[in-house]
Amino acid sequence: MTLAALDAHARRLAGADMRTLIAEPGRDDALVLEAAGLVFDARRQRLDLQAWKALLNTAQDARLPEAFAAMARGDVINTTESRPVLHMACRNPDRLADPALASRLRGARERTAAFADAIGAPDALAGHPVRRIVNIGIGGSDLGPRFIYDALKAWRREGVEARFVSNLDPADLDDALEGAEPETTLVVIVSKSFTTQETLMNGQAARGWLAARLGEKGADARLCAATAAPDKAAEFGVDPARIFPFEGGVGGRYSLWSPAGIAIELAVGAKVYARLLHGARVMDDDALETPLATNLAAAKGLVDAWNRAVRGLPSRCVAAYSSRLERLPAYLQQLEMESLGKSAAHDGAALPPRHSGALVWGGRGSDLQHSVFQWLHQGQDEAPVDFIALNDSSFMEDPRARALNANLAAQGAALTTGRAGEGELAAHKAIAGGRASSTILMPGLTPESLGALVALHEHKVFAESVLYGLNAFDQWGVELGKALARDLLSGDMSGFDPAARDLARRLGL
Ligand SMILES: O=P(O)(O)OC[C@H]1O[C@H](O)[C@H](O)[C@@H](O)[C@@H]1O
């Protein structure tokens, strides 16, 4: 069975009353799943158990369990780049078929852990303590570390602050260096390719800032790099002893578990970082070992594929009811949209309509309720919502936290059931309901639960890619813009349309 064959179910359910659907017997057992301390509740989706069974059969027919196993073994599943996909192996190299690769991954972990321990010493930077970490990177070399750093605020080392620079606007680096003392600043350049324009230009500028105040030697002592191209980092001028290489098979948007996540490890310490990896590993084990019917990551992928490919909804809203998860939507945008924003199947054939990922958007739940939720409740379009909550008894002792989570529960119910309008303005006040949502409960914001949350999303993206039949691990679509920017900077206008030439003239390029 393919996703396209599920259209009949979607049509059958299109007009169904969600209040009836949600009361379907057996729904609680089938659509509420637990793994790695997380609870995934899909009861508010526009599907019934018959459709759910068909979705599970689709995953079986697409050989999803075999695909998870192939990734864990290190098979070459990134076919357009001819390499394995190693983010899961960064957390647990034991499942890899190649022992030499497993030992390289273990070695990389040990090196950054030792460096993170050393950075905690009061004389770590040529006699000075580290007070400011400046992470220079973009895309996967920025979004993951930045998100996790924010989320793990409660676990940060005392007196150490990290700032993140990704943008070419000079203000970005200026802001990151604001209040920093060069003596106590460590600049971390993170770039898988070590060719990314934004990162290299900001890296040069940061090095210049250090060198102007401390001289070349002083600057060198405060520079380190994480990359899959160590030769290029050395050419750039980073001391090879401070270059932390990682494998080409670790995709940028999946790289926070590799040396690319070094800013996290430096900021929270190696032990807390290991707990993050452990939480992800528990979710990996669930994805790999649990039968499809109770496999949380597979279920999340199936629900999202149902909404996107079968129901035809083009976007999904992520509402995080935790301030410290504010950057989750931005992180997921890259993870999902670079992975699933494709038009070609593995063999190059055109994908069937809607067999690619949804647009992801969102923010903090409380804030969204006062902005976009009007559109979600009464707009003409439907976007399924993921509600993400901290289900932690000590957190709930604070009346504001109780109110926060009451709002989360209320919004899900309102989207499902709606309300008839009354009186003169009935048409304006009516809320149709019948709109889909899922809820993810985290047992508080801990390194483990955060690791599990991220791994869940990585795996659900993979599950979707298997169902759609596309390669989630390349991103050729970002290359054209980069090449054209290089041409513009070099003054070569030959390939540009008249509007581009005019814009370049107006900008003084
Ligand atoms: O880590 P880097 O090689 O510097 O790449 C940084 C980012 O830029 C690329 O253009 C890709 O779109 C991203 O997937 C990547 O994470």
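Reply: Glu-338 has its place in helix α15, which covers residues 328-340, and the model in which we look at this residue is a predicted one. In UniProt, an unreviewed entry gives the feature "active site" to Glu-338, together with His-370 and Lys-482. These three positions span 145 residues in sequence, and the farthest two of their C-alpha atoms are 37.2 Å apart, so they do not all gather at one spot. From this set, Glu-338 and Lys-482 belong to the lining of the largest pocket.

Turning to the packing of helices, two packed helices are described by the angle between their axes and by the distance between those axes. Helix α14 (residues 296-310) packs with helix α20 (residues 447-468) at an angle of about 55°, and their axes are 8 Å apart. Because angles of 65 to 115 degrees count as roughly perpendicular and those under 35 as roughly parallel, α14 and α20 are described as oblique to each other, and their crossing is right-handed. In the contact between them, the residues of α14 include Leu-296, Ala-305 and Arg-308, while those of α20 include Leu-456, Lys-460 and Tyr-468. By class, the residues of this contact of α14 with α20 divide into 10 nonpolar, three polar and five charged.

Another pair is helix α1 (residues 7-14) and helix α4 (residues 49-61), whose axes come within 10 Å and cross at roughly 160°, which makes α1 roughly antiparallel to α4. The crossing in which α1 passes α4 is left-handed, and His-9, Arg-12 and Leu-13 in α1 meet Gln-50, Ala-51 and Ala-54 in α4.

How values were computed
Residues are numbered from 1 along each chain as its sequence is written. This is a predicted model: local features need pLDDT of at least 70, side-chain atom pairs count only at pLDDT 80 or more; totals for chains, interfaces and linings use all residues. Side-chain values use heavy atoms; hydrogens and water are left out. Axes are lines fitted to C-alpha atoms, for helices over the stretch in contact, and angles run from 0 to 180 degrees between N-to-C directions. Helices (H or I, at least four residues) and strands (E, at least two) are DSSP runs, numbered from the N terminus. Angles under 35 degrees count as roughly parallel, over 145 as roughly antiparallel, 65 to 115 as roughly perpendicular and the rest as oblique. A crossing is left-handed if the near helix is turned anticlockwise from the far one by less than a right angle, and right-handed if clockwise. Contact means heavy atoms within 4.5 Å. UniProt positions are given in the numbering used here, feature names are shortened, and annotations may be inferred rather than shown by experiment. On a 1 Å grid over the protein atoms alone, a cavity is a set of points where a 1.4 Å probe fits but cannot get out, and a pocket is an open set with protein on both sides within 12 Å along at least five of seven lines; lining residues have an atom within 4 Å of a point. Ala, Val, Leu, Ile, Met, Phe, Trp, Tyr, Cys and Pro count as nonpolar, Asp, Glu, Lys and Arg as charged, and the others, Gly among them, as polar.
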